[in-house]
Amino acid sequence: MKTHRIAVIPGDGIGPEVIREGIKVLDEVAVLDGGFGWEWEHFSWGCDDYNKTGRMMPSDGLEQLRGFDAIYFGAVGDKSVPDHVSVWELILPIRRQFQQYINLRPVKKLPGVQGPLSRSDDIDFVVIRENTEGEYANIGGGLNEATSEELVVQTNIFTRRGIERAARYAFKLAQTRRKRLMVATKSNAMNYSMPFWDRVIRQLALDYPDVQVEFAHVDALAAYFVLRPHTFDVVLASNLFGDILTDLGAAVVGGLGVAPSANINPERNFPSMFEPVHGSAPDIAGKGIANPIATIWTGVLMLESLGEQSAADKLMSAILSVMKSGTVLTPDLGGTDSTVDMGDAVRKAVRDIYDRSGV
Ligand code: ATP
């Protein structure tokens, strides 16, 4: 029997609360499936550690993670640590050093979840965000700090290789779905980087003649996400544009409590990292009311990436059936149930699905 070795970084705030439910459900899935097992290793890295040691993760942290099959990540952030420290010293080094250049975020309306839009039931698309360069390249500097002559420069980096590999992933994904790719651009205003981005993607499109490609300026695209989200299949965006669009995507399908994501190294030279879109949510941390669905659904993405497609499909069906029944709802979805109640409900639904499938 295969054993998947997973590094677990629950992190801060609601991170540990939702990860606990995710592991509970994934453990159940493995037992019921019978074809694979899990080996979870926990790492207590995060803002608490930073306050004790001055580091978000140990200096050999990446070395410690390198040999795992995947990383299951909760959330990072606490008011005691500036955001640029907590993010730049924990999540971003993992994404970059492990070449997780695809950030994949499904935007799918779950049954029973009330979105803000009147027509939202058939929203089902995936955003592929370039995850290692672009506007978040970490190159820049400043001069004459705190004077009237102060200036700051922040540079965007776009490479042919970086664009091509993200775009290839998006084209291939579109081929497995409804064969439509929408590309976010801003070539009218960012007149060096974005025409290059567009040109590289147009050249690559010749290799995928079965995929229908369209380009839209990111500001217009933001409006389309609200006006006609059901028309999208796969959306490809640069790092910054993808960051903004995916939070908007999460909002149109019912909020951060139901928004999963994966940071993928497609070549599998390094572990991929699976994390809910939401942050540490300090306003509800410790109250036991965070919605664990995003984290459990993130577990579906992890199962798929580990080759456990049948288990992934069953877990997704369990999530859909719990949401559709509407009998267990956390406060973000208008109910009064707890994080643990929601985890229990999905675990029970998984059992029912395996029972029915006769496995
Ligand atoms: P970050 O900067 O780390 O993204 P943030 O405070 O900007 O953090 P979140 O932590 O994601 O953003 O929280 C934004 C809002 O969404 C908060 O009101 C929070 O309570 C709510 N929220 C986030 N995740 C969940 C969840 N899993 N269940 C319920 N509510 C959530």
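Colleague: Which residues line the largest cavity?

Modeller: A cavity is a set of points on a 1 Å grid over the protein atoms alone where a 1.4 Å probe fits but cannot get out, and lining residues have an atom within 4 Å of a point. In this predicted model, where local features need pLDDT of at least 70, side-chain atom pairs need 80 or more, and totals for chains, interfaces and linings use all residues, the lining consists of Arg180, Leu181, Met182, Gln212, Glu214, Arg228, Thr231, Phe232, Asp233 and Val234. Residues are numbered from 1 along each chain as its sequence is written, and side-chain values use heavy atoms, without hydrogens or water.

Colleague: Which elements give two or more residues to that lining?

Modeller: Strands are DSSP runs of E with at least two residues, helices are runs of H or I with at least four, and both are numbered from the N terminus. Here the elements are strand 8 and strand 9, and strand 8 gives the largest share, 3 residues.

Colleague: What is the volume of the largest cavity?

Modeller: A volume is the space filled by probe spheres set on grid points, which are joined across faces, edges and corners. For the largest cavity that is about 70 Å³.

Colleague: And how much space lies in the largest pocket?

Modeller: A pocket is an open set of points with protein on both sides within 12 Å along at least five of seven lines. The largest pocket holds about 910 Å³. Its lining counts 38 residues, and Leu104, Tyr169, Leu173, Leu301 and Glu304 are the closest to its centre.

Colleague: Now a helix, please. Which residues of helix 7 are buried?

Modeller: Buried means under 20% relative accessible area, with a 1.4 Å probe and protein chains only. In helix 7 (residues 218-227), these are Val218, Leu221 and Phe225.

Colleague: Why do they line one face of the helix?

Modeller: Seen down the axis of helix 7, the buried residues fall within an arc of 50 degrees, so they line one face; the arc is that of the directions from the helix axis to the C-beta atoms. In general, an α-helix has 3.6 residues a turn, so residues three or four places apart point the same way.

Colleague: What covers those buried residues?

Modeller: Contact means heavy atoms within 4.5 Å. The cover includes strand 5 (124-130), strand 8 (180-185), strand 9 (212-217), strand 10 (234-237) and helix 8 (239-252).

Terms used
Buried < 20%, exposed > 50% of the residue type's maximum accessible area, 1.4 Å probe, protein only.
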